[in-house]
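Dear colleague,

I am passing on the structure below, followed by some notes on what came out of it. Please have it open as you read.

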2 protein chains.
Amino acid sequence: MTYLNLKKHMQRIADVNYASAVLSWDQEVFMPVNGAEARARQLSTLAGIAHEMFVSEKTKNLLNESINGKLTENEKINIERLQEDLKLKTKYTTEFVEALSACTSASFNAWQEAKNKNNFQIFAPQLKKMIELKRKEAEIIGYKKSPYNALLDLYEKKCTTEKLDKLFDDVQKQLVPFVKNITKKKSIDNSFLFYHYNKQKQWEFGIDVLKKMNYDFNSGRQDQSSHPFTTNFNTKDVRITTRVTENDFAEMLWSSIHEGGHALYEQGLSDEEYGMPLGEYTSLGIHESQSRLWENHVGRSASFWKYYYPILQTYFPECLNEIKEENFYAGINKIEPGLIRTSADELTYHFHVMIRYELEKALIEGTLEVDELPKAWNKKYKDYLGLEVPNDAKGVLQDIHWSHGSFGYFPTYSVGSFYAAQFYSAASKVIPDLELKISKGDYQELLLWLRKNIHQYGRKYTADELCKMATGEELNFSYFMDYVHQKYSGIYP
Amino acid sequence: MTYLNLKKHMQRIADVNYASAVLSWDQEVFMPVNGAEARARQLSTLAGIAHEMFVSEKTKNLLNESINGKLTENEKINIERLQEDLKLKTKYTTEFVEALSACTSASFNAWQEAKNKNNFQIFAPQLKKMIELKRKEAEIIGYKKSPYNALLDLYEKKCTTEKLDKLFDDVQKQLVPFVKNITKKKSIDNSFLFYHYNKQKQWEFGIDVLKKMNYDFNSGRQDQSSHPFTTNFNTKDVRITTRVTENDFAEMLWSSIHEGGHALYEQGLSDEEYGMPLGEYTSLGIHESQSRLWENHVGRSASFWKYYYPILQTYFPECLNEIKEENFYAGINKIEPGLIRTSADELTYHFHVMIRYELEKALIEGTLEVDELPKAWNKKYKDYLGLEVPNDAKGVLQDIHWSHGSFGYFPTYSVGSFYAAQFYSAASKVIPDLELKISKGDYQELLLWLRKNIHQYGRKYTADELCKMATGEELNFSYFMDYVHQKYSGIYP
């Protein structure tokens, strides 16, 4: 009975949080421009209400009372997770939350202006304040070794600089030379990706792929926004967005598949556990593993296009009839170092992440000053990608994350990709003829494997634990490198 | 200072209520089907939170403290209105609110099924319970003479059965014989309205009209939904919906203009007064006066089409090139008794309302039993409109209102139309060459008159008071009849 009351209370809090999510979704997708000011206030009120409801005596009492009842294993774990959450959230004073919120708004505005005007100095003072606050936050949370660990833990429980240093050391030692070697080889022609692709047809093709992926359009929808994202209001209303560019076929499709992968995770969480930790995703790294698995291991695979390329040609005969399937496949997997993270290929992408990781860790640990940041950024782009950064707008100002105070977020992109490789390898071992199935447009068993090994658990297990259960071992970079060797030795012989 | 705290508190409550409005809008416009269940719960949670916040000791204390401060006239009125609201809302026990909410869900579901299956008996038991609860509600609120007055007051302050009886008596004595006379005359051909009108072009024409009306698309947007409606999240985000039917030109356009009229009212409310009574519409009748004024007095006028008909012909030459402007004008104003309220012309529309008013008053006063309702409905359609009702789906089950517990709502449709005629007449007297301006597509001064005389005040004045201030007298049915005589003696010579 008490557990049920606890659950009801948590569901009410979830109702408020998901209402916020609807408002945020609308803000990105449909809101008229003048609506922004009031919307910001409405969102802040809802956030305040949800926070107050959660850190209330009521939550504490319900938790204390529930723990003594007769509980199932899952109920026990829910209570444990909630106690951890409550312990964390109650460390934050209202003053600190408000200071952080105010700094985020100011910092975001400064970043936007700085990026538009290509002037880092406009952003620098706010970024300094933000870093100061994030260091304070790390002190509030508490940490071992590096304050950066405290921030990491907010996105990826139990992830540490130790683990990441090891991982990016692998990237340095294995991926960097691999890519260096590739870029010496004959360049691949992918100019056909930049022909004229009718927007409506692109859209329809994307919807077709999403349906085949078993993204449930009765429990979701796709819209357009300037930055693609996934959001959920419960497991039966999980929405994605994409952007469609007439002269860049890649932009829309792989965004759709990527967000579709995120959405399948959310649609696969337990509906019964709405409002409880077991109904929530376990970490950003695991979330990203789902999007990357679909985007790269499925959506950029030879098997996928064996099925889909002839179909795609019927959508865009004028662009693709002259292009052979093998050249299309090579084109969409072209490796080419570039300045912008979000348009990077699946290999050099990790150099972008590594650079951000090294820099943000140094900023939080105090070994790098904000004023030195652009220089440090540019140097790393020269060292790791061999590129000159022409200006800060295309350099240190390109990403929104730091202006939002999201330090510790970037590494989860790479961690997610490496999990994806390991998961895909594990799934391949138990699903008979997986590649053959994919080459027939059948992803059913792959999805079932993900549902069974990842989605259903919510926060029951941490990323580490999930990975061990699903693959038999801890996160191991070699799966990613195996995938890379196998795939790219074919594309770049 | 205390007043400011009161205002902040009220704004937080408004934030929650407008968040609900966003969720409801999304539910009607974009939500995937499976999202319904969780959405209902989220909406109910937000409603509960807003209610708790409003009937709290905090509101009471802030009101009591504010009233003693140094206040402007508007601040005083805001406090008065809030005290009235609080007095009313605190009369409702949580049990009653919950019972009503549960009955509404059950009753709505029963009504939907009954309508689909064309079987009133499915709805009857729920309707009985609903009427019982609404009678209880009337007792809770308190009333003079008829319990129906208590319910009316929720939508239209100070409106009474006495006033409505008088008004509908005028309808009986003046409008009924006028329409009877018209229907004996030569029938008007409006078959061209049911040709094939391309949806996209209809949409574009509607947007063009809305822009000319000065509906601000930077502070709003139009979408499609099965039942057109207007909703607002603040004065700078006021959204409308319409529906587009390929074989019925009338459906989309006048819905757009109608909702556009509602939206201009909301966009014209005071942004400064967000969250306070002076930032809210004053009554449903006044709201409806704005939509009807634009829909009928502007959108169905000869002046309007003098400007717009040549433009419309360029949109749909294949439908309209053979149709003369005067025949188009007559066609869109064709008077023809029908069974369905929502597709009625602007004259017989009031017979539909009158029937509902008489029936719902009798239901609440206890002089009509639910089991007798279909028979009574059908008899009135025979008496007032001369029509046989073939089945309950096209009769007593056609409207959603009673299933929602909205008793006292229908009369505001007619009251609104009569206000519209009176307002339009008053505006004509002070705006030089209003018809000439409209015939040039210029509605600027008309809107300014509405902004100045109606919109800006919010709930500062009741409908009665507003009407006296804007027109010099109380609501007077003769303005509507004058309009009718003048317009229709031309159309039906």
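In chain A, what covers the buried residues of α19(A) includes α10 (249-267), α11 (284-298), α17 (411-430), α18 (434-438) and α20 (463-471), where buried means under 20% relative accessible area, exposed over 50% and partly exposed in between, with a 1.4 Å probe and protein chains only. Helices (H or I, at least four residues) and strands (E, at least two) are DSSP runs numbered from the N terminus.

This is a predicted model, in which local features need pLDDT of at least 70 and side-chain atom pairs count only at pLDDT 80 or more, while totals for chains, interfaces and linings use all residues. Residues are numbered from 1 along each chain as its sequence is written, chains are lettered from A and ligands numbered from 1 in the order written, and side-chain values use heavy atoms, without hydrogens and water.

The buried residues of helix α19 (residues 444-453) of chain A are Leu446(A), Leu447(A), Trp449(A), Leu450(A) and Asn453(A). Seen down the axis of α19(A), they fall within an arc of 155° and so line one face of the helix, the arc being that of the directions from the helix axis to the C-beta atoms.

Turning to the interface, chain B and chain A have eight salt bridges between them, each a side-chain nitrogen of Lys or Arg within 4 Å of a carboxyl oxygen of Asp or Glu. One of them joins Arg12(A) to Glu52(B), with the closest N and O atoms 3.7 Å apart. The predictor gives the complex an ipTM of 0.91 and a pTM of 0.93.

Best wishes

Methods
Contact means heavy atoms within 4.5 Å.
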